[in-house]
Amino acid sequence: MTDEPLLRVSALSKFYGSRVGCENVTFDLWPGEVLAVVGESGSGKTTLLNCVSTRLLPSSGTASYRMRDGQWRELYRMSEAERRFLMRTDWGFVHQNPADGLRMTVSAGANVGERLMAVGDRHYGRIRATAVDWLSRVEIDEDRIDDEPRAFSGGMRQRLQIARNLVTGPRLVFMDEPTGGLDVSVQARLLDLLRGLVTDLGLAAIVVTHDLAVARLLSQRMMVMKDGRVVESGLTDRVLDDPRAPYTQLLVSSILQV
Amino acid sequence: MYVAVKGGEAAIANAHRLLADRRRGDRSVPALRLDQIVEQLALGVDRVMSEGSLYDRELAALAIAQARGDMIEAIFLVRAYRTTLPRFGYTNPVDTGAMQIERRISATYKDLPGGQVLGPTFDYTHRLLDPELAAGAEVETPAQRPAEPEAMPRVSAILAHEGLIEADGEMPLDHVPGDITREPLQFPMARDIRLQALSRGDEGFLLALGYSTQRGYARNHPFVGEVRIGEVELELDVPELPFAVPLGSIRVTECQMVNQFKGSAKAPPQFTRGYGLVFGQSERKAMAMALCDRALRAGELGEDVVAAAQDEEFVISHSDNVQATGFVEHLKLPHYVDFQAELGLVRRMRAEYEARENEDKAEEKREAAE
Amino acid sequence: MNAQSNDIATYNFAYLDEQTKRMIRRAILKGIAIPGYQVPFASREMPMPYGWGTGGVQVTASIIGPDDVLKVIDQGADDTTNAVSIRAFFKKVAKVAVTTETAKASIIQTRHRIPEHPLNAGQVLVFQVPIPEPLRFLEPRETETRKMHALEEYGLMHVKLYEDIAKHGRIATTYAYPVKVEGRYVTDPSPTPKFDNPKMHRSPALQLFGAGREKRIYAVPPFTDVVSLDFEDHPFEVQTFDQPCALCGAENVYLDEVILDDHGGHMFVCSDTDHCEKRRADGHHGHLAPETHLASEETEPAE
């Protein structure tokens, strides 16, 4: 099974009028692999993430995904119904701001259970038990299950968002600056948690971040983007320890000095 | 002993008799005639025609009298009548550039072809109550300008020469203008449909929304390019005839708001426009409509939607006062059945709550005793 | 008023013009073809306010003919003011026969109840609907809810039921309880108490729903599956009452609470007045029934 990639992205470009979002991006993602996309704001990494996750339609290029039945499907040719189904079953999307990925006015339990109900689970007790299990896996006390995320701290909200995404056992998770906006100590705890979950569940992930430390900790492979283009890609350790593109060298040196 | 209440029919009939009596009021005071309303409460008549979407002064006056001066009730009466009328056809678009103008002002140019014409405006009147009016004093005949005034091009046409203002906008060739009185409203909607909805929207609601844009909830930097009030010709194409048949003229108020715009990904820097057009004379409504129209074009112009006035579903779904008043007032209809259902639930939950409380108290007592 | 004012305004049979009726009938047919789907229609202003049954009135006006017998109920009762008013409207503009007897009516327009007496094939039940969108209070945007229906994304509806159970220990929706029609569309049964939901399931009568202000028509054709949403371990259940109707002794019917005094004295009586009167005419009585004999039949012929 693992001799085939999970996702194939080929010559993907997105233009906003004459402005370039991202241009001619090609990569494969393998099952269980974490790919970090790094770059400054405006480098096109979020545009790329949104295109690959079908939240945005690209101007040109293709992306294919290997479904659970082994069939390859072109993402941009799928119907909206199929895409939305994929997004709430086999995929996850972790937003930088948890409020964008959570229902802030329903309880934590319902936030976790929503995907289960969306795919037809109709047993309250079972849904709740699964929610309890997932809350504990993201280190949220069981007795907070009926609280709304409004009452949660930033770190807790982010962990709840992760649980909500992982409850259907997705194979691919997209993350947009998952630790952005959190205190440094909270960030470290969240990264540990994420790393554990990704390894335990064998998740593939595409993580967009401007923080090279996040890339180093989570990813096996990384792509560096500038002005919408990929300027360097390779194994994370190699790119960070031996950057080849001048821009990557600048990025690595400027950040590591701080 | 309980006896089921009957006789709703008699109660309703009696209520209506009483209403008729109160409407007439003191019989020693002469009854209002419709022509008095048409002539002397003309702006009220205009509002009823505009929001009632029916240009007929006499019916609007009748509605005002029948509604005892309650404007929304009068608008409702007119709407409920107009909706039963079969539609014979659609007139050609009116040419407001060819309007017989009674008032025309621009806030963007001091002088312009055709000049500034104040017309019958409340502007610059001091709002002092006038005892002479109460006493029924004679009124002077107004001064008249020459019968052949010079042409009055619309201000948007003047700005257009420089290319600094967006054009009127082209609809696709096969575009058939919608009709909100014949087709269901669906979101998102084209601008023609939106303008129709705004034109019959509640004056107070649009005024408040327009005002909110000025106070910073989606500011759009408006200038009154022009407000003009006057008579426009109505013409109908009849398939059997080679020319358009004139049907007569109607009085309308048109407002072209000119809005500064710094440009976005979707449009270059230029002046954009908001448009207002209503039956009769109502500058306030036409201006508020133009502000709302411009705010609602946020999506089209690539602006962020951040405020209520820019939210099409919010504005259009709530602008119709006939709908709004009906649904608010329906709360006084009986809801016994639903209330009973809720009462049963609350009673049950309350009993459970109290049982739990008592249990806890008993527990505490036991613990205290130990 | 002068002579001219007599013909200043005139109206068609059943108020609406024929073009409009055809348009509404097309919407109804579409609704019947796609059970539970909300068909947008160009709702007209009616001579009663929006929210007072304009949707139901438009549906009734579009299907009614001179030979129909109309019954109108509000809260189950024929004599509540709005029911009286709508019945009077159709007597005036369509000159049809009206009745309070469920079994004799060919069209029954209702607000908030389904009659206790089982409906038959050939009868049409017309519901007045204030908010046709069952997802509205979960998702305020029309563009989004239409998409959710189109893609059959109904997880959110169960999220609401989940929240009810988590907070209250049970599903706390007592009326306008959402149903799934023919296994496809989640539909609002209008604000009838959930007590009436089972009556919709495979009813031999045609059920039409009109929402005037919101401009939607939908339908449940005869013998269609109508299933109330629930969880396997928290199944749907209807309200039960501790006592029978105080007037006719009926059990398993929906009861109204009537306040007798200001010391908390109250009694429970049938919300369906026709059902209650029929039973009393047939000799049933409850513990607070008056001794007087009631006239049972109330059908007024067409003019």
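**Exercise 1. Cysteines**

How many disulfides does a search of the whole structure find over all chains?

Solution. The model is predicted, so local features need pLDDT of at least 70 and side-chain atom pairs count only at pLDDT 80 or more, while totals for chains, interfaces and linings use all residues. Residues are numbered from 1 along each chain as its sequence is written, chains are lettered from A and ligands numbered from 1 in the order in which they are written, and side-chain values use heavy atoms, with hydrogens and water left out.

Step 1. A disulfide is a pair of cysteine sulfur atoms within 2.5 Å. The search over all chains gives zero disulfides.

Step 2. For Cys51(A), the nearest cysteine sulfur belongs to Cys22(A) and is 4.9 Å away. For Cys248(C), the nearest is that of Cys270(C), at 3.6 Å.

Step 3. Buried means under 20% relative accessible area, exposed over 50%, and partly exposed in between (1.4 Å probe, protein chains only). Cys51(A) has a relative accessible area of 0% and is buried; Cys248(C), at 1%, also counts as buried.

**Exercise 2. Salt bridges**

Which residues pair with Lys147(C), Arg194(B) and Asp274(C) in salt bridges?

Solution. Step 1. A salt bridge is a side-chain nitrogen of Lys or Arg within 4 Å of a carboxyl oxygen of Asp or Glu. By this rule there are 77 salt bridges over all chains.

Step 1. Lys147(C) pairs with Glu80(A), with closest N and O atoms 3.3 Å apart. Lys147(C) lies in α4 of chain C and Glu80(A) in helix α2 (residues 80–89) of chain A, so this pair joins two chains. Glu80(A) is partly exposed at 33%.

Step 2. Arg194(B) pairs with Glu312(B) at 3.1 Å between the closest N and O atoms. Because Arg194(B) is in helix α8 (residues 191–199) and Glu312(B) in helix α12 (residues 312–318) of chain B, the pair ties together parts 118 residues apart in sequence. Arg194(B) is buried at 6%, and Glu312(B) is buried at 12%.

Step 3. Asp274(C) pairs with Lys278(C), at 3.9 Å. Both lie in helix α7 (residues 273–281) of chain C, four residues apart, about one turn of the helix. Asp274(C) is buried at 5%, while Lys278(C) is partly exposed at 25%.

**Exercise 3. The interface of chains C and A**

Describe the interface of chain C and chain A.

Solution. Step 1. Chain C brings 18 residues to the contact and chain A brings 23.

Step 1. Buried area is the accessible area (1.4 Å probe) that two parts lose on being put together, summed over both. Here the area is about 1800 Å², and carbon and sulfur atoms give 57% of it.

Step 2. Four salt bridges cross this interface. One pair is Glu153(C) with Arg88(A), at 2.9 Å between the closest N and O atoms. On the side of chain C that touches chain A, the elements giving two or more residues are α4 and α5 (155–168) of chain C; α5(C) gives the most, nine residues.

Step 3. A network of salt bridges links Glu80(A), Arg84(A), Arg88(A), Glu144(C), Lys147(C) and Glu153(C).

Conventions: Contact = heavy atoms within 4.5 Å.
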